Amino acid sequence: MVCEFVRYREFVKGPLPRPGGNALATGACVIVYGTYPVVRHVQLHHRWAPGGWCHTANLDCTSYYAYFGPHLLNRRYAMLPGVEAVRNKDWLFDALGSGGELFVRPTSVHKLFVGRCVARDDFESALAPTRYDRRR
């Protein structure tokens with residue numbers, strides 16, 4: 001068996017070289033291990049078997065926080081849709097904030113924004129990528 005370590009940038013540029021100069025063929029026996037973007041790229045652009053697999057719902061904080069809660073550094077948390085978080089801004093900062101800031105992060109694997117500490121005045125703009133109605 002051949003094992004290759006490939007950087008993500010090299011991977012998304014085009015066909016991956018194999019020893020001997022041939023690209024990995026469609027249907028080749030390839031197992032991909034890596035970050036979500038790497039696995040998703042394989043799922044969308046390559047027909048390798050088994051390729052890359054994952055269940056994105058299991059990577060969402062709403063799935064695993066309940067199981068790992070006692071072991072999390074941020075045990076005091078609230079998970080809300082962006083529009084609800086903005087509506088409850090005062091409560092969130094009063095209950096969970098520290099020094100005028102609140103740590104916010106996306107729950108999904110798609111990372112709509114970068115998790116970080118946000119000041120009260122910047123809260124709405126920090127959550128702007130999450131505040132849309134998917135039904136429209």
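Which residues are buried in helix α5 (residues 89-96)? Select that helix and you'll find Lys89, Leu92 and Phe93, where buried means under 20% relative accessible area, exposed over 50%, and partly exposed in between (1.4 Å probe, protein chains only).

**Before you click on**

You're looking at a predicted model, so local features need pLDDT of at least 70, side-chain atom pairs count only at pLDDT 80 or more, and totals for chains, interfaces and linings use all residues. Residues are numbered from 1 along each chain as its sequence is written, and side-chain values use heavy atoms, with hydrogens and water left out.

**The whole chain**

Switch to cartoon: there are 6 helices and 4 strands, in the order α-β-α-β-α-α-α-β-β-α from the N terminus. These are DSSP runs numbered from the N terminus (helices: H or I, at least four residues; strands: E, at least two). Now colour by accessibility; 26% of the 136 residues count as buried.

**Around α5**

Back to α5 and its buried residues, Lys89, Leu92 and Phe93. They span an arc of only 95° around the axis, so they sit on the same side of α5; the arc is taken from the directions from the helix axis to the C-beta atoms. The buried residues of α5 pack against α4, β3 (101-104), β4 (116-119) and α6.

Next, select Ala85, Leu92, Phe93, Leu102, Val104, Phe113, Val118, Phe123, Ala126 and Leu127: this is the largest nonpolar core, 10 residues in all. At least two residues of this core come from each of α5, β3 and α6. A nonpolar core here is a set of buried Ala, Val, Leu, Ile, Met, Phe, Trp, Tyr and Cys residues joined through side-chain atoms within 4.5 Å.

Zoom in on phenylalanine 123. Leaving aside neighbours within four places in sequence, Phe123 is in contact with Ala85, Val86, Lys89, Leu92, Phe93, Leu102, Val104 and Val118 (contact: heavy atoms within 4.5 Å). For a second, separate core of 7 residues, pick out Ala28, Val30, Val32 and Val42, which are among its members.

**One step along: Glu124**

Glutamate 124 lies in helix α6 (residues 123-126) and is partly exposed, at 28% relative accessibility. Beyond its neighbours within four places in sequence, Glu124 touches Val86, Lys89 and Arg131. Draw a distance from its C-alpha to that of glycine 82 and you get 8.8 Å, for residues 42 apart along the chain.

**The tyrosines**

Which residues do ring pairs link into a cluster? Show Tyr64, Tyr65, Phe68 and Tyr77. The whole structure has 4 aromatic pairs, with Phe, Tyr and Trp rings (its six-membered ring for Trp) pairing if their centres lie within 6.5 Å; planes under 30 degrees apart are stacked, over 60 edge-to-face, and the rest tilted. Tyrosine 65 and tyrosine 77 have ring centres 4.9 Å apart and planes at 85°, so that pair is edge-to-face. Tyr65 is in helix α3 (residues 61-68) and Tyr77 is in the loop between α3 and α4 (82-87), 12 residues apart. Tyr65 is buried at 5%, while Tyr77 is partly exposed at 34%.

**Last stop**

Finish at alanine 49 and proline 50, which are joined by a cis peptide bond with omega about -5°. Proline 50 is in strand β2 (residues 49-51). Most peptide bonds are trans.
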